[in-house]
Each structure stands twice: as C-alpha cells, then as structure tokens.
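These are my notebook entries on a structure that I looked up. I set down what I checked, topic by topic.

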Amino acid sequence: MTIVSATAETKTIKLTVYRFNPETDAEPRYETYEAEWLPSLTAIMALTYINKHSRANIAFRRGCREAGCGACTISVNGVPALACRALAQDGDVLEPLKGYPVIRDLVIDRTQQTAEMFRKIKYGREGKPIGFIPAKPEAIGVSRALTICADCHGCNSICPPWLESPARFVGPMYLANIIRAMFNPLEEYDRVAQAVDMGLYNCTLCRACTTSCPKDIEITESMILARQRAVEEDVLPEEVREIRRNILETDSLYGVCGKERASWATDLGIPKSGKTLFFASCEYSATEGGRAVLARAAELLQKAGSSLSYLYEEEQCCGAPLYFYGFQKEFREKAAKVQKLLKETGVEEIITPSPACAYTFRELYPKYAGDSNIQVRTVLEVILEKIRSKAISLKAMGNRKVVFHDPAFLSRFLGMVEEPREILASIPGISLVEPKYYWGANTMGDGGLGASEEVNSKIAQARLRQLAEGGAETIVTASAADSARLKQAAQALGREDMEIVDLIELVARALEV
Amino acid sequence: MPEVDEVIETDVLVVGGGGAGIVAAIEAAKHGVEVTLAVKGLIGHSGCTPAALGGIAGFYVRDPRDSWWQHFCDTVLGGSFLSDQALVEVFVKEAPMALFALEDWGCIWDRDEDGGPYLRQFGGHTYARSVSSGDRSGSEMIKGLKARLVRSPVRVLDEVNVTKLLIDARGEVAGATAVSVRDGKFIVFKAKAVVLATGGMGRVFPLAYTGDWNVGDGYYMAMLAGARVVDLEMLQWHPTAIWWPPGLRGMAGSEALRSEGGRLYNKHGERFMIKYSPEWLEVATRDFISRSIYREYMAGNATERGGVYLSLTHIPPEVIEKRLPSMFANIKSVGIDIRTEPFEITPAAHYTDGGVVVNVMFESEDIPGLYAVGETAGGIHGGNRLGSNSLPDLMVTGIRAGQAASIRATRLKKAGMVAKVPQDQVKEEMQRVFAPLERGDGISPLELRDRHLDLMWKYVSVIRDGKGLGQAVAEMDAMWSQELPKVRVSDGSKTWNYEWLEALDLYPRLFMSQAMALSALLRTESRANHYREDYPDTDNKNWLKNIEVTYDPSASSLSKMIKTTARPVRVTLLTPEEAGLPGLAD
C-alpha cells in the first residue's frame, strides 16, 4: 500500500502568497504559485507541495496537523484560518496574521506578547491544592466550550478594538481565556472584575472573531454571558450604568427625549395605528442625520405601496442594548413590555431601518418574550422585494464609484451580505468597489455598543482608511450609528470629501431623479 | 567560519515545549534553580499534547474493583511484557496525583451527574479509569500547563532548535548547542542538567498522527552523546487515522470513537473485528486493531480508495455531538457528517513506545545529568502504549525528572562545579549545522525527506519482513553517506528558513529510522506493534527481551554506527509465569 491520490483526475490551482524576508527584502511582495489539487486539499498540503516543487522556501508554521495546537494560523483571503484545516481554493491569497510583526513570509512573532499577556492576566487558577472537587456537569459547559480554543491568535488578528486600541481591549483570545476560568466552578480568582478591567465592555460585539474562529467558538456569546456575570456581581463601568439609566428612564439609548425623536414625522401624516408598524429605532431617531433618513424611508415605503403606522413619542427602545450589555433581567422586562404594547396596537409586521432592532425583534424576542407571530423586516429587505417585483425602479444619477460598509448587525447578525449589494447593483451608473478586506473581516461593530469613545473613534478611523483605499467617492452604509461614526472619522482625518450616505437615502434619491 | 553568537548559562535546560517539557520545567523551577526551556516550535503549541484527544488514565477510586495494581498489570500486559516494571510501578502509583494536580492548575475534567468524574474505558484497560474533557483532553491539559508555566520563573526560548548535547570529560552532561530558528544565531547552553522532552519519531513515516517536528531528535542527540535507546522497533500504529477525506489524512480518529461504540467495516460491509477479536471487538488494543485492518488489506478487503470504514451511524446523533464534538466538527469541516455516514480510516504512525534508557528518576542510565521525559523516555509502555496512558506519563515523568534535575543542579552548584564545555564538540557541530546553507549546489532536503518517508512506509511500517528491512537498511546507508553530505538549502538566509530546518531534521530522521529498522531486523518474532511477516508468531521463550541501540562513532557506514543488543526484560513485580504468558516452556 503506497500513498497515492485516489483520484485519477489531476488539476492545478493557483495560490498567491505574501513573501517578505526582512533580512534580504526592502518591501513585502506577493507571488503566485501552482499546486496540484486533491479533494479537501489543505493550505499546509499546498504550501508543502509548493516548497518542494517550486523550491519557493516559503516560511510557514506547522504543528499538530490536528487543529489542536494553534501554531499554523495564517490569513486566507483576509480571514484567519488554521493552515492545517483551511481548504485551499484556486485564487486564494495567503498572508501572515494582521497585528503582529512578521518574522518571514507567513511566520509572525507572537511570543513576547503572549507571554506578557498571560502573565498579566494570571492565566489559570491561583494554584491552591484542593484535590478533586465535585461539580455539576452543567456548571462547566461554558468553560468547556472555550477549552477547544487553541490560542491560535486568529480572533485577535481580526478584532477591530484589539488592533486599534490594544491598551483598552485585551483581545478576544485572552478574554476568552479569562471567561473560561470565570465559568470554571473550581476557580477562586475574581475573573469577573478582571474581565471588566481588561476591556470586556470595549468589545463592540461585531462578531468578527466568532464568524472567523477556526474552531467555531461562540466567542461573542461568551462575552455576553460574561457581561451578565458582571451585572450580577455589579462590577460595571460608569458608562454602562448610564446606558441602563438612559434606556430605563428616557427610553432612548442616547438619552434623547421622545418629542425630539419623533420630530421627523411631524408633517408626514403617518397614522398612529395599523398592521404594519414603522419602528424608527433609537439609533436613527437620536440624530438629525438619522431622522432625515427616517423621513426618506417612510416616504419611500409609502410611495412603494406600504401603508405604515408609527408610534411617535410612544415608541420605546426595543431593549437591545440591555441584552448586549448583560442586563438580562431588565431586558426580559423591557421585551415583555414592548411585546405587550405591540400586541395591544394590533401590529402584524414591523419594518425598521435599524439592523440591531431587527435582530432583536426577530431573534431575541421569541427567546425572551415569547412568540408573537409578528413578522420583522428591515427597510432594505422591503426595498429589495419592491425592486425584484419591479414595484419600484431606480434611475441613474450619473456615474459614481461607491464602497459599501457592512454594519455588523446587518452582515454578521442578520446574515445580510448580498442583499445590500444587490440593491446597489440595481442603481444604474453605480459601480461598487470592495475594500481590500473581505466583508467579514473588518466591520467596526455597531457604534453604540463599544463603551469607550476612544475605542470607537479609533476603529471608525481605521475603517474609513480601509474604505477609502479603493478610490471610491462615496461610502454607503446601512446603520445610522455607523454613518455617524464614519462621518466623525472623516472629519478627524480630513476626508470630508468622501460622502457618507445611508443606502436608504441613496435609493430614495434614485427614485426621485 | 561562523562564530558562537550567544552563550547561555542555566542550571537546568529543558528541550521541548509540549506537555512533558513544560511539566519538567515547572517542577525544576520550583526548587530554586535557574531553568531554561528551549523549543523547536512555539511553547504550548508544540508536540502532541495540545492535539491529544482521549483521556488521562489513573482515577482508581471510583470503581471499587480498580487499583494501581490493576493498572500496572494492564500496562505491562498491554505492552506485551516488554515494559520496565520498575518504571511502570512509579507511573501507575503517581498517575492519580497528576489528575488532581491538573485540576489545581486550572483544568477541569468532565463530570457525571453525581458531581464525580465522568470516566471512560479505553482499549486494554480493565476498568473505566480515564478522566477527559470531551474529546479535547489535551487542549484542556495544555491550558492548565501553560497557565502554570507563565507563573513560574522558567525562561522560555521559542523556536530555538537544540541540535547536540555537550558531554564533558567525565562523561556527564555539560550543556547543548542550538540554532535560533528566527535569526540563525548559534547558541551554546552551559547546563548542569538537560531534560530531553522532544517527543517521539512518528514523523519518519508519511502518515503520522503526531506533532510535525517529531522526528526523533531527542533520541538522536542522546545516542550521539553515548546513551542507550530501547524498544525502537515498537512504533505504535494508531489504528484509526483518517484516510478519506484526504484533507484530514493522518489525523487520528480518536480512540474515543471506538470506546463510544464506533464499528469497523470492510468493503463488503462486514464487521471484521467479530472475526479477529469476538471478546474485545473494536476496543481491542491498538496494535491488534492495526494488524486486523492490515489483514483485511492483504485479503483484498480494502475499500476502493484504500482504507476501511469506521461507522458511528448506529449511535444517537446527540451522543456523537456531546461526546465527540471535535471529531464531529473536524470531519464536518471537509464535508462528511459522521452522524449519518461512515468515513475511511487506516493505521498511521503514532506513539514511539521506546526511548532513552532511564532509571526511576528518568535519568539516562548512561549519562549523568541527562534526563528523558514523556515520549522521549523508554520503558513504561513496552511494546504498546494503552490509550490515555500518555498524558499521565508526561506528568509523572516530567515531575520526577524535573525534581531530579534540580536536585542535581543544586548539588553541583554547592560543590562549586562549573560545566566545562568541550570546544572541539562545539566547533564540529557548528560546521555541521551551517554546511547546508553554504554549499554551492546539491540535493533538495525536501526531496530527500519525501523519498525517505516513502521508503519507511514501504519497508518499516505495519508489516515488516527481513528482506524489506534489509533493503531499507541498505538504502538508508546510501542516503546517509552519499546524499546527506550534499544537501543544500535553496537560499542561504538564516531567517526562519524552512528548508534549513528540514535539512537539519534529516539527521535524526535517517539516523533514528536506521536504528528502528535494525532493531526490527534483530527481533525475529512478532510482538505488540512489531509484526514480521516472516516471523508472524510471538516467541515468549526467546524474545522476552528488549532491544537496545548504541552509537559507535568509529564505524564507517550508518548501519555499522548503530549497534543493536538484546537483553532480558526487566521484571520486578509480575513474572511471565504469574502473568500466564503462553509458550514459555517447550
């Protein structure tokens, strides 16, 4: 028995590899190589093949070949992956992980940082000998889910707060280790206070880590569980307490009064009750820019044949931030209250421009407030349906190069990646450029969910630079919070020349031409 | 001529950064001596520990019938009576402590409803005595070990490739030489004790379930320094490595797949283990399963692609998801759902049962100050290691060797002894190490590596015979003397040079493979993991012996440099007669 490929067919694939040897090269470069294809060919198999047959001598790390040790992590098309598991596809681009110094080619230096960080977080238990302590199997579930983490650094390399503001956020990998200890019933060290101290609330919940984790660990979910523990133990930063106060007292995440929030609808004559509720959201109704989009959205939907209702000053916050900040009890109460209000007004469908609210109504309410049979759609879904059914047709506004910024709630929570692009494609004259990093790689998270102003603005600036790289004149996005953040970033970076516009606004303009 | 770039003085040098190396370093550092750990890869991301799946044996107190003595008998009998019984005794008595220690270090094992440990029974163990963490016990363990390590004063050197042990005029350890993988610096370590924790040599085979760098460099360095290495012909075959889908080829189908009820079928859909072992079925020992699969291959019962089927489809899906989460996820990632369809497996090189000949403190019997731990130490597992015996092994051997090394270092310090590094050895090693970078032209190290892998698979793997082994020995002699001196790295860079690493690894690869082939040639019987087609029976009358290999520097060819000797097995507690081994008398 010899090792041969069991398939008769042979074909080759092309891979582009980042090459840089600081000893001899002034600049990094990219080179393309051919490798023989085999079903389920992995990146390591391909690199081994290339090194043997092209004598390319590409430096890359190998370890257990079992997806267990976390040594071989590289970036494949901008997303971290274990090279022993990532399936190599024709056209793939292999790069070293972002955020670490490159030793050579795909090999990064993570030694010093790892040692320092683990020492700092006193990783592991205090080490009092205690022998075998009985524990309930269910008590170790969360800890167990995080055990399979191989400390591969993939999540760090893609984490916006860690890349842009490492002093404020320890990074998902290290935080996951802290949370693993937090849910170990044998642990004695105060892991909750430590997690908060190390930036638990500076995670923007953008799910970049979770959607790219090679071990499919629900890192974001564990952050929320850890925040629930922080609430239970009352170890909260002041900003977070303020957010709870805002929502519970003023019914607005941003503490803006109901009259101001509803001001956009004054002259539109939208009825207060009806089957289809237009849910304006805190996000959109807090700022003047957001409110302008709301007016456009409502007009557009009415024009396209939807009969809307709107609760005006009585609209309440859906409670999403309560959930995401770990106020489990308050969220349950809030959700029950809002659900009751909606049922009383006879709402059958909610249409909202806010992806965060849509996610909350669609995914969280059935779990925490019981089933209501209320259909939930984003404004973009309605627009797309109208475009597809030709109920509306969009006209050219001249040629324009645009780039789309995916808000995390839209792309990673609701899974809407293709939909906004399809809408853009249906506007004549618009050409879409994609940022260098794949949509999943670097969204900035909802601007409202990172507690620290500094972290948020740094992420937004980094994101603006990425978006501007492709030479687009206009940034289109689909979240008022992200728009506001990007606008601030453009101002800070002196890039006011770049127009930042909500996709709803753009569609409304294309309807009017 | 390059210069020594750095001299590092330390009391204890630990070589290797998998579980055993970390434990030895932590333990040594507890006793107030300076400890440096050098690892070819990254600390905590090296060797096999992070990828270990199954469990950790040694929880005897839950089943009232169980005891260290039962574990002792299981280990010795599972190893086909080749174990060094004094080492096994130490191992089984101290294994329970390892489990408790790990929970103190931040690990937590799966619990049952009553709060006690969920115990698994692995092949060859009489009772369920292994704790686990799902099917990622190694991952749980390495997290605890890393945690403990960062709290200890051990100096860790990532990506420093130790290439040679330095021995002083008295024949004791004086240190080691190394090259930094990152910048090619040549380093001389002066040390009072060296602990080898370099793992085994499974990667001399093309299909291996072991860390990618485990090519036997620890054994090679120990032999060159004058130490004996034992039981090398006993290379354990993991019976259920994945064959198809090929992207996972060589990855182990966890032992737990079988202990949770997985079944093996040949291409006719026949559950062939009924034929070979009606009593144990799929939980027979690993060597037995491997050979059974090979017998199926030889009978023409392999699948079209060349493996046999492993099926879990009769097991409730939720049991698979809960008890085998990472197997499920891994295989799913390349498109096969093990809840509903079988996949194909084949034996792959796994654990090197043999290793450096050591005493009960895991110090080489030949070189004072040289210790070997984990897979690098020989003796505990005899001819075949039982599942879930390797993780407790690395704890027990690591702790013992770490303690002994620190005691030795303290003693030498008090006596004012300073390690005298033999400069001629350093110079010679420097020349050897840098030569592949400096040659004008020559042979590709990768090409030689792959040819050697194929040779090993063909002649020295699961089924061996005298003729094939003889062929392998002759070919390896030629590779060593004619090709190895011509190996040339394609660029002369000293910065993380992939080919250079491979070129340096060729020395242990060829040297230790030859030692394995010669040991296999000497053992004219079949036993445990060693199967000779020309001697298919176990010969307890003549072969209750261990084969030791030593190095003869004066010889001209590789096969002559390695001397093989057979000596009687070391019996302390359980005699072959008491164990009732068949065929002892005529």
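The entries below cover conventions, contacts, helix packing, backbone geometry and strand pairing.

**Conventions.** I am working with a predicted model, in which local features need pLDDT of at least 70 and side-chain atom pairs count only at pLDDT 80 or more, while totals for chains, interfaces and linings use all residues. Residues are numbered from 1 along each chain as its sequence is written, and chains are lettered from A and ligands numbered from 1 in the order in which they are written.

**Contact between the chains.** I looked up how chain B meets chain A. The contact takes 66 residues from chain B and 60 residues from chain A; two residues are in contact if their C-beta atoms, placed from the backbone, lie within 7 Å. On the chain B side, α3 (85–104), α4 (137–150), α10 (325–333), α13 (445–459) and α15 (498–522) each give two or more residues. Helices (H or I, at least four residues) and strands (E, at least two) are DSSP runs, numbered from the N terminus. I noted that α4(B) gives the most to this side, with 9 residues. By class, the chain B side has 22 nonpolar, 23 polar and 21 charged residues. Here Ala, Val, Leu, Ile, Met, Phe, Trp, Tyr, Cys and Pro count as nonpolar, Asp, Glu, Lys and Arg as charged, and the others, Gly among them, as polar.

**Domains of chain B.** I found chain B divided into domain 1 (237–349) and domain 2 (427–540), with bounds from an automatic or database domain assignment. Their C-alpha centres lie 30 Å apart. The contact takes 6 residues from domain 1 of chain B and 5 residues from domain 2 of chain B. Helix α8 (residues 286–298) of chain B gives the most to the domain 1 side, with 4 residues. I counted that side by class as 3 nonpolar, 1 polar and 2 charged residues.

**Helix packing.** How do α5(B) and α15(B) lie to each other? The axes of helix α5 (residues 217–224) of chain B and α15(B) come within 9 Å and cross at roughly 75 degrees; axes are lines fitted to C-alpha atoms, for helices over the stretch in contact, and angles run from 0 to 180 degrees between N-to-C directions. The two helices are therefore roughly perpendicular (65 to 115 degrees). B:D217, B:Y219 and B:Y220 in α5(B) meet B:Y507, B:P508, B:F511 and B:M512 in α15(B). This contact divides into 6 nonpolar, no polar and 1 charged residues.

**Backbone geometry.** I recorded a cis peptide bond between B:W244 and B:P245, with omega about 10 degrees. B:P245 is found in the loop between β12 (235–244) and α6 (255–259) of chain B. A:D151, not a glycine, has a positive phi of about 50 degrees and is found in the loop between α3 (141–147) and α4 (160–164) of chain A. A:D234, also not a glycine, has a positive phi near 55 degrees and lies in the loop between α8 (219–232) and α9 (238–250) of chain A.

Are these two residues buried or exposed? A:D151 is buried, with 27 other C-beta atoms within 10 Å, whereas A:D234 counts as exposed, with 8. A residue is buried if 20 or more other C-beta atoms, placed from the backbone, lie within 10 Å of its own, and exposed if 12 or fewer.

**Strand pairing.** I traced strand β18 (residues 545–551) of chain B, which pairs with strand β11 (residues 229–230) of chain B in the antiparallel sense over 2 bridges; pairing requires that DSSP finds at least two bridges. B:V229 stands opposite B:V549 in β18(B). Strand β19 (residues 562–568) of chain B runs antiparallel to β18(B), joined by 7 bridges. The bridge partner of B:N546 in β19(B) is B:R567.

Definitions and conventions: Angles under 35 degrees count as roughly parallel, over 145 as roughly antiparallel, 65 to 115 as roughly perpendicular and the rest as oblique.
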